[in-house]
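Subject: Structure handover

Hello,

Here is the structure for you to open. My notes follow below it.

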Amino acid sequence: AQQDPQFTQFMHNKLIYNPGYAGTSEAICANVLYRQQWVNFPGAPKTGLLSFDMPIGALPLAVGVNVMSDQIGFAKTTFARVAVAWNYRPGGGPGVLGIGIDGGILQQSFNGTWITPDSGPDASIPGYTYSLSTNPNLNKLTYDLGFGAYYTIANKMYVGISSTHLAA
């Protein structure tokens, strides 16, 4: 199963969840986030993210970029995605509607030799002996797609709907 990292301050990093957000602030925006839980515990979650978006001149288009690395225990996920959004003011009103797509690469790797600090190898896991003897490290690189719609009235409200990892 897929597990995306947790961002406590998600309201400051909407592009990671919704490509329709790109450009809706009508400004150049950048975020750099780092989160480390349970410091000094082996395998503790560590997440780093770089996010950037901006409108393209007078066009109703915007672009955005997300680069993220997430590591927890034996699993490491890295991705880079580029978002493109069409921004529109419905009825000329105060709100901005962004409809966007994003695409990029997603890499997941697993360290088959990593074990939890408080236990040894678990021979009851099917394929355990096989995976360690043939390839202790598994690595998969694939493409990643997402879609989203986002509507905002500046400093008043926002609402959106999106789906990530459509191809993974």
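Which side chain does the side chain of Asn 66 join in a polar contact of 3.0 Å? The partner is Ser 51. A polar contact here is a pair of N or O atoms within 3.5 Å; within protein, one must be able to donate a hydrogen and the other to accept it, and residues adjacent in sequence count only if both atoms are side-chain atoms.

Two notes on the basis. This is a predicted model, where local features need pLDDT of at least 70, side-chain atom pairs count only at pLDDT 80 or more, and totals for chains, interfaces and linings use all residues. Residues are numbered from 1 along each chain as its sequence is written, and side-chain values use heavy atoms, with hydrogens and water left out.

Asn 66
Asn 66 sits in strand β3, residues 61-72 (strands are DSSP runs of E, at least two residues, numbered from the N terminus). Asn 66 counts as buried because its relative accessibility is 2% (buried means under 20% relative accessible area, with a 1.4 Å probe and protein chains only). A polar atom of its side chain also lies 3.3 Å from the backbone oxygen of Leu 15. Beyond four places in sequence, Asn 66 touches residues including Ile 16, Leu 49, Phe 79 and Arg 81 (contact means heavy atoms within 4.5 Å).

Thr 47
Thr 47 is in strand β2, residues 46-55. At 6% relative accessibility, Thr 47 is buried too. Its side chain makes a polar contact of 2.5 Å with the side chain of Asp 70. Among its other contacts outside four places in sequence are Pro 5, Phe 7 and Met 68.

Cores
The largest nonpolar core has seven residues: Leu 15, Tyr 21, Ala 22, Ala 62, Ala 83, Ala 85 and Tyr 150. Such a core is a set of buried Ala, Val, Leu, Ile, Met, Phe, Trp, Tyr and Cys residues joined through side-chain atoms within 4.5 Å. A second, separate core of six residues includes Ile 16, Met 68, Phe 79 and Leu 106.

Cavities
The whole structure holds two cavities of 30 Å³ or more. A cavity is a set of points on a 1 Å grid over the protein atoms alone where a 1.4 Å probe fits but cannot get out; lining residues have an atom within 4 Å of a point.

Regards

Conventions: On a 1 Å grid over the protein atoms alone, a cavity is a set of points where a 1.4 Å probe fits but cannot get out, and a pocket is an open set with protein on both sides within 12 Å along at least five of seven lines; lining residues have an atom within 4 Å of a point. Grid points are joined across faces, edges and corners, and a volume is the space filled by probe spheres set on the points. Helices (H or I, at least four residues) and strands (E, at least two) are DSSP runs, numbered from the N terminus. Buried means under 20% relative accessible area, exposed over 50%, partly exposed in between (1.4 Å probe, protein chains only).
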